[in-house]
Amino acid sequence: MILFLENRIEEEFLYFDPAIYARRKEVAEKRLKSVTEYVLADDICRSRQLLSYFGETDSPACGKCDVCLKQARTAPPASEFETIAAEIIKLTVNKTLSIKDILFKLSSKFDEDRIVEIVRWLIDNGKIEIRN
Ligand SMILES: [Zn+2]
């Protein structure tokens, strides 16, 4: 049994203001669009997406959501090897340096034995050439 606490409006007296109806429809569509974008966007931190919906546009990435975790997996921090190798390659682009030159430029930043080891690897793998 349903008990109505107020008299129901008869159908012929029901009236929907077209302007208000259009406005409510627009708001509902906007909300639906936001939810769809939230679900589909996999390149912006979920927390940032939510906060920007509420007007906070300069929030940092959370580091915990699926998007942040995926980005952390696909872009691992450069290893020491990659960092040193990149510096050596940068130094030897269009220039033929000696091992002494390379050590002179990089030994303040990295371990000398490690530099020599990586230079050797780069030469053996045809990535760089050096002069004696
Ligand atoms: Zn996140």
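Which is S98, buried or exposed, and at what relative accessibility?

Modeller: S98 counts as buried, because its relative accessibility is 8%; buried means under 20% relative accessible area, exposed over 50%, and partly exposed in between, using a 1.4 Å probe and protein chains only. The model is a predicted one, in which local features need pLDDT of at least 70, side-chain atom pairs count only at pLDDT 80 or more, and totals for chains, interfaces and linings use all residues. Residues are numbered from 1 along each chain as its sequence is written, and side-chain values use heavy atoms, with hydrogens and water left out.

S98 sits in the loop that runs between α4 (80–92) and α5 (99–106). Helices here are DSSP runs (H or I, at least four residues), numbered from the N terminus, and strands would be E runs of at least two. Setting aside neighbours within four places in sequence, S98 is in contact with R131 and N132, where contact means heavy atoms within 4.5 Å.

N94 belongs to the loop between α4 and α5 as well. N94 is exposed, because its relative accessible area is 79%. The backbone is also worth a look at this point. Most residues other than glycine have a negative phi. N94 is not a glycine, yet its phi is positive, at about 60°. Between the C-alpha atoms of N94 and E56, which are 38 residues apart along the chain, the separation is 47 Å.

Two packed helices are described by the angle between their axes and the distance between the axes. The axes of α4 and α5 cross at roughly 120° and come within 11 Å; axes are lines fitted to C-alpha atoms, for helices over the stretch in contact, and angles run from 0 to 180 degrees between N-to-C directions. α4 and α5 are therefore oblique to each other, since angles under 35 degrees count as roughly parallel, over 145 as roughly antiparallel, 65 to 115 as roughly perpendicular, and the rest as oblique. The α4 and α5 crossing is right-handed, a term for a near helix turned clockwise from the far one by less than a right angle, with anticlockwise giving left-handed. On the α4 side the residues are E87, I88, L91 and T92, and they meet I102, K105 and L106 of α5.

α4 also packs on helix α6 (residues 112–124), where the axes cross at roughly 70° and come within 10 Å. α4 and α6 are therefore roughly perpendicular to each other, and α4 passes α6 in a right-handed crossing. From α4, the residues E80, F81, I84, A85, I88 and I89 make this contact, and from α6, R114, I115, I118, V119, W121 and L122.

V119, in helix α6, is buried because its relative accessible area is 2%. Beyond residues up to four places away in sequence, V119 touches I88, I99, I102, I128 and I130.

R31, S34, E37, Y38 and V39 of α1 meet R46, Q49, L50 and Y53 of α2. E37, found in helix α1, is partly exposed because its relative accessible area is 45%. E37 and I84 are 47 residues apart along the chain, and their C-alpha atoms are separated by 41 Å.

The zinc ion has four protein donors, the SG atoms of C45, C62, C65 and C68, which lie 2.3 Å from it. Donors are N, O and S atoms within 2.8 Å of the metal (3.2 Å for Na, K and Ca); water is not among the atoms, so sites may look incomplete. The angles among the four donor atoms run from 103 to 118°, and the site is tetrahedral, which for four donors requires all angles to lie between 85 and 135 degrees. The donor residues are spaced C-x16-C-x2-C-x2-C in sequence. C65 counts as buried because its relative accessibility is 12%, whereas C62, at 29%, counts as partly exposed.

Terms used
Four donors count as tetrahedral if all angles lie between 85 and 135 degrees; four count as square planar and six as octahedral if opposite donors are over 155 degrees apart and all others between 65 and 115; anything else is irregular.
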